[in-house]
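Welcome! Please take a moment to look over the sequence and the 3D view below, and then read on for a guided tour.

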Amino acid sequence: MAEIFASKTAEIEEREVINAQISRKLSGECMVLLENDGALPIHTKKVALFGNGARATIKGGTGSGDVNTRNNVNIEQGFQNAGIEVTTTAWLDRQEQNTSAAKAAYVQWMKEEAARKQTSEFAVMFDHPYKEPDCEIITINDIDVSETDTAVYVIARNSGEGADRFDEEGDYRLYPHERGNIHLLAEVYDKLIVVLNIGGVMDLSEMRSIAGVNAILLMSQLGNLGGDALLDVLTGKVNPSGKTTDTWAENYMDYPSSAKFSHNESVHDEMYEDGIYVGYRYFDSFGVKPLYCFGYGKSYTDFEIKAGKISVEGNEIQIPVTVKNTGKIYAGKEVVQVYYSAAGGVMEKPYQELAAYQKTKLLEPGETEEIVLKYQAEQMASYSEKEAAWILEKGDYIIRVGNSSASTKVAGVIEVCEDIQTLKAKNLFALDVALNEIHPDAVKLEEKKKEAASYQAEKIIFDTTAIAQKTVVYQGMRKEYHTDKTDKITMQDLLSEKATVEELVAQLSTEELAEFCVGTLRADGGEVVGNASYTVPGAAGDTSSVCKESRGIKNMILADGPAGLRLQPHFKTKKDGTLLPGGEVMGDAYTPFNPNIDEKEVDNYYQYCTAIPIGWALAQSWNTELVEKAGDMVGSEMEQFHVDLWLAPALNIHRNPLCGRNFEYYSEDPYVSGKIAAAMTKGVQKHRGKGTTIKHFAVNNQEDNRYFVNAHVSERALREIYLKGFEIAVREAQPLSIMTSYNLLNGIHTANSHDLIQGMARDEWGFKGVVMTDWFTSQDMPMITGKFKPAYPISASTGCIYAGNDIQMPGCQKNVDDIVEAVKTGKEIDGYKITKADLQFNAANVIRVVARTM
């Protein structure tokens with residue numbers, strides 16, 4: 001009988017109450033005030049509330065990023081809890097009926113589609129996430145301006161794992177009824193506040209043009225107390241201090257990746273022709289004006305930012321900044337951002353790139369704070385494919401300071417007098433096709449950089465000897481482990497340092513080693529995610545327990561994220577501990593319990609977790625201390641439910657706003673993404689034996705055909721944009737695990753890429769943890785959807801072992817058999833030859849991390 005760690009009472013726990021309030025407090029800093037002419041904060045006791053998110057408020061995205069919470073405070077309830085009367089309940093009732101009918105139709109379709117395809121409802125939901133219906137039309141009969149002069153309109157958008165969004169009405173753009181409703185409300189109410197309950201960038205150009213829209217607040221999706229958190233901001237209890245982590249374009253086609261993104265043209269081959277020009281790097285360098293720039297956000301107060309004299313200490317650049325709240329009413333926080341414009345040399349450089357940022361403390365009106373922002377000069381280096389090295393090219397580096405990418409002012413100039421090779425590496429990612437990358441007008445771009453600087457700022461000559469030049473040492477051929485010890489080595493021997501991991505692994509058979517490198521899939525087949533763990537129902541899966549009894553090496557329990565732990569909230573067992581079917585939840589898919597169960601013969605268990613703000617929202621706080629607290633909270637729940645590895649944070653780049661998984665990811669900028677992921681990891685790993693799993697490694701920037709899409713990316717773009725966030729997270733926080741992505745990278749599945757996993761993560765960055773696949777990467781499960789005909793073969797089990805992808809999750813017997821056969825016969829299987837040394841290397845990585853979780 002397996003030990004069960006869930007609660008046996010359905011009553012709300014004190015832990016849930018405390019953590020929900022922590023999440024609510026965090027949420028206040030995650031909201032971005034996009035527009036405000038004084039309508040916010042509100043000072044009214046009644047509001048007219050409309051919109052599809054007023055009652056059906058979305059707490060987070062769908063798929064593995066969903067969290068099964070006890071409750072969800074919607075926006076209407078938030079107003080009620082704040083003591084503000086909602087005057088439009090009749091319209092909200094009609095809207096709820098509309099939503100309920102649409103949801104019921106979707107669930108019925110999902111069941112029929114699952115039956116037709118002979119697959120699970122979960123699998124159908126992944127490929128076709130529920131889409132909110134258009135709003136009920138607001139008529140003049142729904143409006144009574146004698147009750148209130150203030151209307152709030154909530155736009156909700158859902159997105160999720162498994163499918164990308166569309167540039168169409170009701171998704172990236174407004175629904176027709178939304179458009180008409182907003183026009184009407186803007187005409188009749190003195191104050192109209194639009195709240196965006198969304199998980200990714202949408203088109204706001206039309207809304208911006210509507211006269212009478214007084215304020216736009218990006219609420220995002222804030223977890224299970226989202227309604228309460230929103231009212232904290234709307235009423236002025238909390239001053240919004242979030243900043244955008246993406247560039248919001250005037251038009252979707254302004255994004256350089258838009259014409260060929262996902263279902264437009266790149267179902268099978270994703271051509272990264274935008275190169276290093278992603279997000280603000282593109283808009284700034286090509287002179288395309290956005291609707292909202294990167295790092296932008298208003299406040300209920302005003303701030304003055306003054307940069308002091310820049311200094312250089314060794315290789316560290318220091319920028320002192322004074323921030324003053326110049327307002328007279330509201331306290332607030334400001335985000336100071338430092339950018340650099342790198343000198344254009346042999347390699348072209350974007351107009352500017354983020355180098356450092358810091359959020360101030362809460363400043364009262366008239367209060368001042370002195371801060372010093374710091375970063376290392378090596379951050380300004382660019383990767384030369386020709387030299388296979390990171391090079392800080394000679395020239396002037398213009399340092400800019402502001403509170404958004406568009407508001408920066410030159411604070412100083414650092415002159416590098418000669419090229420400095422900061423790190424000698426080797427090219428790892430040869431392109432498998434010709435790639436026609438875009439390039440700005442180099443002459444005009446350099447003129448733009450210099451024109452902004454005017455070269456009146458003080459110039460500092462950088463000491464080129466301050467940077468220690470390094471050379472990467474890459475792993476050679478793996479050597480087989482041997483031991484003379486004949487006594488059986490156990491995990492206790494490792495923990496007491498009586499034996500080494502290598503000695504233990506040397507005693508294991510090929511079959512045992514292969515089992516270690518394959519997860520434990522339930523005998524009944526389980527689901528793509530969901531109830532796949534033996535001991536924690538609802539967890540995503542377990543690692544192997546092949547040596548649990550014989551050597552005391554426990555299996556690790558893995559649970560999904562990244563908006564909190566996703567576990568099964570209610571499950572039943574027989575008195576002997578046997579888990580009964582039913583109670584599994586994922587979005588709109590639910591497996592009911594057998595209605596004929598005799599409750600006297602079963603035990604009921606409960607695992608309610610806290611839904612924190614989605615990753616996109618957390619990043620918009622620009623507050624690493626806040627994010628670390630969120631991680632700390634998740635780590636405490638991992639302790640309670642005995643989860644070892646949290647399958648989060650997710651930090652792929654927002655290359656295009658229509659990626660269905662952008663709600664989980666942080667930003668278009670790798671520096672923000674890496675710093676936020678590192679902070680989340682530090683918070684979780686404060687708890688002994690608990691670890692994060694940064695994902696999806698790498699370039700998982702499209703969900704359509706995600707199992708087989710081939711991303712074609714240049715070496716420089718990979719290193720400077722798509723891998724940089726992972727590098728920061730590894731170097732600063734050392735997560736216990738990395739999860740590879742489904743897609744191919746330049747013709748090779750990331751799960752099979754030795755250069756990505758070993759060469760980059762381990763050899764170049766010094767990653768010390770375990771690497772796992774995403775679920776069913778090296779199995780036939782992806783084929784069951786039938787949505788796309790694969791243009792490339794499936795990831796190879798043997799390729800995972802060759803690459804150092806230590807664990808294949810959730811695992812199947814074929815994975816084990818292929819590995820054993822390849823090692824014992826020496827044959828090439830699915831394109832890869834592997835040795836026992838390769839297999840031992842992977843198993844040793846697993847055991848080392850298991851030891852850290854004990």
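The notes below go from the whole chain to single residues.

This is a predicted model, so every value here was computed from predicted atom positions. The protein chain has 854 residues, and 64% of them are buried. Its secondary structure comprises 22 helices and 33 strands. With a radius of gyration of 27 Å, close to the 29 Å that the globule rule gives for 854 residues, the chain is as compact as a globular protein of that length.

**The whole chain**

- Counting contacts in the protein chain with a separation of 6 or more, 79% are between residues 24 or more positions apart.
- The protein chain exposes about 30,600 Å², and 48% of this area comes from carbon and sulfur atoms.
- Among the side chains, 87 are positive and 122 are negative.
- The centres of these two sets of charges lie 3 Å apart.

**A covered helix: α7**

- Helix α7 runs over residues 226-234 and is mostly covered, with 9 of its 9 residues buried.
- Its buried residues include Leu230, Leu231, Val233 and Leu234, and also Asp228 and Asp232.
- What do the buried residues of α7 pack against? They pack against two helices, α1 (14-27) and α2 (75-81), and against two strands, β5 (191-197) and β6 (215-218).
- Gly236 follows α7 and has a positive phi, near 85 degrees.

**Cysteines**

- How many disulfides does the count come to? The count comes to 0.
- For a disulfide, two cysteine sulfur atoms must lie within 2.5 Å.
- The cysteine sulfur closest to that of Cys293 belongs to Cys30 and is 19 Å away, so the pair is too far apart for a bond.
- Cys293 counts as buried because its relative accessibility is 13%, which is under 20%.
- For Cys547, the closest cysteine sulfur is in Cys517 at 11 Å, which is also too far for a bond.
- Cys547 is buried too, with a relative accessible area of 0%.

**Backbone details to look for**

- As background, most peptide bonds are trans, and most residues other than glycine have a negative phi.
- The peptide bond from Gly561 to Pro562 is cis, and its omega is near 15 degrees.
- You can find Pro562 in the loop between β22 (557-560) and β23 (570-574).
- Another cis peptide bond leads from Lys695 to His696, with omega near -5 degrees.
- His696 is part of a strand, β28, which covers residues 691-697.
- Ala388 is not a glycine, yet its phi is positive, at about 50 degrees.
- The loop between β14 (382-384) and β15 (389-392) holds Ala388, and this residue counts as buried at 10% relative accessibility.
- Asp830 is not a glycine either, and its phi is positive at about 55 degrees.
- Asp830 sits in the loop between α21 (813-825) and α22 (836-852).
- Is Asp830 buried or partly exposed? Its relative accessibility is 49%, so Asp830 counts as partly exposed.

**Two buried loop residues**

- Asn662 belongs to the loop between β27 (645-647) and α16 (670-684).
- With a relative accessibility of 3%, Asn662 counts as buried.
- Which residues does Asn662 touch, not counting those up to four places away in sequence? They are Gly199, Trp616, His654, Asn656 and Pro657.
- Ile210 lies in the loop between α6 (205-208) and β6.
- Ile210 counts as buried, at 7% relative accessibility.
- Leaving aside neighbours within four places in sequence, Ile210 is in contact with Ile182, His183 and Ala186.
- Ile210 and His183 are 27 residues apart along the chain, and their C-alpha atoms are separated by 6.7 Å.

Conventions:
Residues are numbered from 1 along each chain as its sequence is written. This is a predicted model: local features need pLDDT of at least 70, side-chain atom pairs count only at pLDDT 80 or more; totals for chains, interfaces and linings use all residues. Side-chain values use heavy atoms; hydrogens and water are left out. Helices (H or I, at least four residues) and strands (E, at least two) are DSSP runs, numbered from the N terminus. The radius of gyration is taken over C-alpha atoms; the globule rule is 2.2 Å times the number of residues to the power 0.38. Buried means under 20% relative accessible area, exposed over 50%, partly exposed in between (1.4 Å probe, protein chains only). Contact means heavy atoms within 4.5 Å. Accessible areas come from the Shrake-Rupley method with a 1.4 Å probe; for residues, only the protein chains shown count as cover. Lys and Arg count as positive and Asp and Glu as negative; His and the chain ends are not counted. The place of a charge is taken as NZ of Lys, CZ of Arg, CG of Asp or CD of Glu.
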